[in-house]
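I'm opening my notebook on this one. My plan is to look things up one at a time and jot down what I find.

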Amino acid sequence: MITLRRADVDDISVLQHWDQQPHVIAAGGEDDVWDWPVEVRREVSWQEILIAELDGRPLGVVQIIDPQLEETHYWGNCPANLRAIDIWIGDAADLGRGYGSQMMAAALLRCVQGTEVSAVLIDPLASNTDAIRFYERLGFVFIEQRWFGEDLCCVYRIERDEILKRYGATPA
């Protein structure tokens, strides 16, 4: 069973290792550079960095942000009550085994449980057709293509009601 927990300083080395994996680099885009020793230690109200674990083994990472409050305004002007998710599986051997779907279900439920969050956004690279198919299977709806820095991305959105309909009212 996949669970999500807050990343901590003990996770920095595995996060840095994952960042060097070809599939993670390919999915990240030009602007996707993480300073994990800094990010993991930051305490900001608009961001959660979570480690997905499978039976206690680190499997991947999920970042959940409030795009309205995020300090770089990456998403531009966003209304209240949205969340945005970044997700990736660390080791290529864990790809294609259903773990990403389980991670997303847990992350989506975390976004809407006990909050007024109305929808969740994602922004895969326009060239990442595998990720786009993945998100569409999960119920995300295409909104627009948009440049984020040097990267052409596809913005997708899933509404709260759709999350609850697909994934139930309690996280895994």
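This is a predicted model: local features need pLDDT of at least 70, side-chain atom pairs count only at pLDDT 80 or more; totals for chains, interfaces and linings use all residues.

**Entry 1: helix 4**

I started with helix 4 and counted 11 of its 14 residues as buried, so this helix is largely enclosed by the rest of the structure. For me, buried means under 20% relative accessible area, exposed means over 50%, and partly exposed is in between, using a 1.4 Å probe and protein chains only. Helices (H or I, at least four residues) and strands (E, at least two) are DSSP runs, numbered from the N terminus.

Residues are numbered from 1 along each chain as its sequence is written, and side-chain values use heavy atoms, with hydrogens and water left out.

Back to helix 4, which covers residues 99-112. From first C-alpha to last it reaches 20 Å, close to the 20 Å expected at 1.5 Å a residue; the expected span is 1.5 Å times one less than the number of residues. Among its buried residues I noted Tyr99, Met103, Met104, Leu108 and Val112. After helix 4 comes Gly114, with a positive phi near 70 degrees.

**Entry 2: the core**

Which residues have the most contacts inside the largest nonpolar core? I got Val62, Ile85, Met104, Tyr135 and Phe140, in a core of 33 residues. A nonpolar core here is a set of buried Ala, Val, Leu, Ile, Met, Phe, Trp, Tyr and Cys residues joined through side-chain atoms within 4.5 Å. Helix 4 gives the most to this core, with nine residues. In soluble globular proteins, nonpolar side chains tend to be buried together.

I then looked up Val62 by itself. Leaving aside neighbours within four places in sequence, Val62 is in contact (heavy atoms within 4.5 Å) with residues including Leu4, Ile49, Ile85, Met103 and Ala107.

**Entry 3: the sheet**

In what order do the seven strands of the open sheet lie? I read 1-2-3-4-5-7-6, with mixed pairing. Two strands pair if DSSP finds at least two bridges between them. The edge strands are strand 1 (2-6) and strand 6 (141-148), each pairing on one side only. Neighbouring strands are turned by 30 degrees against each other on average, direction ignored. Axes are lines fitted to C-alpha atoms, for helices over the stretch in contact, and angles run from 0 to 180 degrees between N-to-C directions.

Then I checked what packs on the sheet. Helix 1 (residues 12-19) touches strand 2 (47-54), strand 3 (57-65) and strand 4 (82-89), and its direction makes about 85 degrees with that of strand 3. Helix 6 (residues 160-167) touches strand 5 (119-122) and strand 7, making about 70 degrees with the direction of strand 7.

Next I went through some pairings. Strand 6 and strand 7 (residues 151-159) run antiparallel and are joined by seven bridges; Arg146 stands opposite Cys153 in strand 7. Strand 4 is mostly covered, with six of its eight residues buried. Six bridges join strand 3 to strand 4, and these two run antiparallel, with Gly60 opposite Ile89 in strand 4. Strand 4 and strand 5 run parallel with three bridges, and Leu82 faces Ala119 in strand 5.

**Entry 4: Gly90**

Is Gly90 buried or exposed? Gly90 is buried, with a relative accessible area of 0%. I found Gly90 in the loop between strand 4 and helix 4. His23 is 67 residues away from Gly90 in sequence, yet the two are 8.6 Å apart in space, C-alpha to C-alpha. Not counting residues up to four places away in sequence, Gly90 touches Trp18, Gln21, His23, Val24, Leu59 and Gly60.

**Entry 5: the aromatic rings**

I searched the whole structure for aromatic pairs and got nine. Rings of Phe, Tyr and Trp (its six-membered ring) pair if their centres lie within 6.5 Å; planes under 30 degrees apart count as stacked, over 60 as edge-to-face and the rest as tilted. Trp34 and Trp36 have ring centres 4.5 Å apart and planes at 5 degrees, so I wrote them down as stacked. Trp36 and Trp88 make a tilted pair, 6.2 Å centre to centre with 50 degrees between the planes. This pair links distant parts of the chain: Trp36 is in helix 3 (residues 36-41) and Trp88 is in strand 4, 52 residues apart.

I checked burial too. Trp34 counts as buried at 16% relative accessibility, Trp36 at 1%, and Trp88 is buried at 13%. Trp34, Trp36 and Trp88 form one aromatic cluster.
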